[in-house]
Structures are given as structure tokens and as C-alpha cells.
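Subject: Structure handover

Hello,

The sequence and structure are below for you to open. My notes on what was found in them follow.

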Amino acid sequence: MRIEMLPALHGDCLLVEYGDGTRTRRLLIDGGPIGAYPSLRARIDALPAGDRRFELIVLSHVDADHIEGLIRLFANPRPWPFVVKDVWFNGWRHLEPAHGLLGAKQGEFFSALLARRLDGGGWNSAFKGQAVVVPEDGALPERVLAGGLKLTLLSPTPAKLEHLRDAWREDLGAAIDPGDLEAAWQLLSKQKKYVPGQGLLGSSPQLDALIEKQSRPDDAAANGSSIAFLAEHSASRKSCLFLADAHCDAICAAVKRLLQARGLKRLPVDAVKVAHHGSKGNTSDELMSLIESPRFLFSSNGQQFGHPDEEAVGRIIARSTSPSPTLYFNYLSQANQVWQQQGLQDQLGYQAVYNQAEAPLCISL
């Protein structure tokens with residue numbers, strides 16, 4: 001099992017490869033902001049010809065630093081340079097099933113692409129087309145991908161999706177009516193930054209300005225709606241927590257349910273993709289007390305919001321149950337360079353690994 005953190009600027013774009021020694025299978029999580037699309041496309045193009053296949057693509061939530069690269073990827077005319085069996089994404093049809101199809105602006109764009117261009121049944125097919133959501137009680141949802149990669153869903157909860165629904169209604173304003181698929185398609189087709197060449201129907205300064213405004217990350221409601229999960233590979237017995245930008249309270253509650261079901265005090269995993277790029281509000285002492293991991297992964301170049309926060313990194317080092325945790329950063333930045341000091345690593349008992357090239361940072365579990 002192998003994880004690549006692509007150079008996704010201030011966002012997330014993760015490629016997971018797993019297999020049995022005879023065949024490699026792949027999972028893609030998020031696509032980064034629009035500026036990260038060239039890296040994503042180059043990585044797909046570098047896959048073996050005839051084997052550019054994903055068992056699953058997950059769009060965790062609608063923040064620009066997670067969704068824009070995937071909008072651009074799916075905006076390519078078919079046949080696509082890749083094949084995907086299933087896409088997990090909660091659109092408006094999952095927030096307001098009785099009303100319509102779409103969500104807030106970037107969410108509407110991605111929904112329009114899935115509805116127009118994805119083969120029938122390939123949107124949330126593992127959940128029979130319904131929302132990817134953790135129920136209030138009972139067992140956590142589990143899905144097993146071909147090749148033996150089991151995904152246990154940790155987030156979002158119905159309450160988090162309810163909060164997102166209200167925020168999306170407010171965010172849309174007069175731009176697009178919720179459920180108006182044709183309007184979303186027309187708006188998307190005029191965005192040059194999302195589509196090849198000159199766009200499908202041209203563009204206008206007013207629409208470009210609207211999208212540029214929306215390139216700023218959404219509020220906490222979007223983060224709370226993040227699809228987060230535990231991935232466990234049966235053949236290699238390796239595992240990783242992929243936490244997107246999920247809220248800590250939801251993750252802690254889900255992990256507690258999982259621990260109770262498995263009769264464990266702590267959840268052992270081989271790696272944790274730290275939530276929200278290492279924001280101090282998304283990693284808590286409670287979470288650290290519930291997990292055991294020797295590796296923590298941070299995806300951010302430090303721009304926009306200065307992630308990771310020193311408080312979050314310090315908490316991970318101080319509260320880790322591993323005697324010498326390894327921190328992986330896919331950029332060396334002003335925000336994280338302090339952890340590079342060898343004296344500090346020796347004093348606090350951790351190791352720091354930095355990616356200093358414009359290429360994916362690879363972590364083999």
C-alpha cells in the first residue's frame with residue numbers, strides 16, 4: 001500500500017495504490033485547487049498505458065482547494081484519459097433528495113459533470129446512489145473495493161450535511177437556483193479555467209469574476225461535510241486514516257464507535273493524513289488519545305492560511321503514542337520549516353521528511 005501526496009499547492013490531492021503483487025489498483029482522493037491540475041494530469045498520464053484505472057475517486061467536500069482540480073479533470077471531453085468505477089461525492093440531490101440535483105457553486109459544477117458525463121450508476125454507486133453518510137447509530141458503513149481495500153466511513157454525519165445544506169442555500173444567492181441543472185451546466189461551460197481551450201460556450205468577465213470570488217475556501221460547514229474514512233488493505237495488512245477537512249468531533253465519535261465494535265482501546269493505523277492541512281482546530285488531544293500511528297501526513301504549501309499550524313504539529317508530536325513519529329510534508333515552506341531543525345527533532349523525539357521537488361511525495365506503508 002502506497003500513498004502519494006501530489007504537489008497540490010494549499011490543497012489535497014492524494015493517490016493511493018495497493019495490490020497483491022500481480023496487479024496494482026488505485027484510489028484518488030480530491031484534486032486540489034485549479035493551479036494543481038497540471039500535476040494531477042501529469043500523474044495520470046504517467047500511469048501505464050492501458051492501466052489508467054481508478055477503483056474509486058472521492059471528492060471529500062466542495063472547498064476550492066479540494067474540488068477544482070477534479071472539475072477540470074472531468075471537464076475533459078470523453079473519452080477521458082482514465083477509467084473510474086465509482087465516484088463518491090455528496091451533491092444537492094443528497095442534501096435535499098426531494099428537491100433537485102445540485103449544490104453550491106463548485107459543487108453544482110461537479111454535479112453537472114457527473115450527471116452529464118459519468119456512466120449511469122457510477123455516482124455513489126457503493127451507496128446505491130444515496131448520500132455517503134455515517135448513520136446516527138449502529139455499525140459504521142463499510143465498503144470493500146476490488147483488491148481487498150476496505151473503507152470504513154467516519155464522516156460526515158447527517159447533522160453535518162444538514163448544516164452544509166443551509167450554508168449552500170445561502171451561498172448560492174441569486175447565481176443559480178438549487179436543482180437547476182441546466183443553469184449550472186451553462187455556467188460551468190463558460191469557465192475557461194475549468195475547461196480545455198476556449199471553453200464550451202465562451203466566457204465573460206462577469207462570470208470569471210464570480211468564479212474567482214468563489215475560489216476562496218468555503219466556511220466550516222463545507223469542512224464538516226468532508227467524506228473521511230479508514231482504509232485497510234487486507235493483503236498487506238496496512239492502513240491509513242484519510243481525514244480530509246473533517247471536524248474533530250465527528251471523527252472522534254466515529255472512532256469511538258469503531259473501537260467499541262472491535263474491542264480496542266486505541267485504533268492502530270500505519271499513517272494518518274492529518275485533517276485540514278494541519279489546522280489547529282481539527283486535531284485534538286482526544287483524537288490523539290484514540291489512535292496509534294507512526295506516520296502523520298501534511299498536505300499544504302503554507303500559502304493562503306499558513307498551514308500547518310504549529311499548535312497542531314506540536315500536539316501530534318507531544319501526544320503521539322509512537323516513540324518517534326515521522327512527519328511527512330509535501331512541501332518545505334515557511335509555515336513548516338521550523339520542524340526541520342535536527343536539534344528540535346532530537347529533543348522532541350520525531351523525524352521530519354520534506355518533499356523538495358515538484359513531484360509527488362511517496363510514502364510506502
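**The sheet**

Strands β2 and β3 form a hairpin with four residues between them, and in the turn Gly 21 has a positive phi of about 95°. Strands here are DSSP runs of E with at least two residues, helices are DSSP runs of H or I with at least four, and both are numbered from the N terminus.

Before the rest, the basis of these notes. The model is predicted: local features need pLDDT of at least 70 and side-chain atom pairs count only at pLDDT 80 or more, while totals for chains, interfaces and linings use all residues. Residues are numbered from 1 along each chain as its sequence is written, and side-chain values use heavy atoms, with hydrogens and water left out.

Two strands pair if DSSP finds at least two bridges between them.

- β2 and β3 (residues 24–29) run antiparallel and are joined by six bridges; Leu 27 in β3 is the bridge partner of Val 16.
- β1 (residues 2–5) and β2 also run antiparallel, joined by four bridges; Met 5 stands opposite Leu 14 in β2.
- β5 (residues 56–58) and β7 pair in the parallel sense over two bridges; Ile 57 stands opposite Val 87 in β7.

Five of the six residues of β2 (residues 14–19) are buried, so this strand is largely enclosed by the rest of the structure. Buried means under 20% relative accessible area, exposed over 50%, and partly exposed in between (1.4 Å probe, protein chains only).

**The cores**

A nonpolar core is a set of buried Ala, Val, Leu, Ile, Met, Phe, Trp, Tyr and Cys residues joined through side-chain atoms within 4.5 Å. The largest one has 64 residues, and among those that touch the most other members are Phe 229, Leu 267 and Phe 296. Helix α9 (residues 248–262) gives this core its largest share, seven residues. A second, separate core has 38 residues, including Leu 40, Ile 44, Val 87 and Phe 110.

Leaving aside neighbours within four places in sequence, Phe 296 is in contact (heavy atoms within 4.5 Å) with residues that include Val 272, Ile 291, Ile 316 and Leu 327.

Helix α11 (residues 310–319) has Ala 312, Val 313, Ile 316 and Ile 317 as its buried residues. Seen down the axis of α11, they fall within an arc of 130°, so they line one face of the helix; the arc is that of the directions from the helix axis to the C-beta atoms. These residues pack against α10, β15 (295–298), β16 (326–329) and α12 (342–348).

**Two buried asparagines**

Asn 124 lies in the loop between α4 (105–117) and β8 (142–145) and is buried, with a relative accessible area of 0%. A polar atom of the Asn 124 side chain lies 3.1 Å from the backbone oxygen of Gln 130. Beyond four places in sequence, the contacts of Asn 124 include Asp 86, Val 87 and Trp 88.

Asn 282 is in the loop between β13 (271–273) and α10 (285–290), and is buried at a relative accessible area of 7%. The backbone oxygen of Ala 246 lies 2.9 Å from a polar atom of the Asn 282 side chain.

Regards

Definitions and conventions: A polar contact is a pair of N or O atoms within 3.5 Å; within protein, one must be able to donate a hydrogen and the other to accept it, and residues adjacent in sequence count only if both atoms are side-chain atoms.
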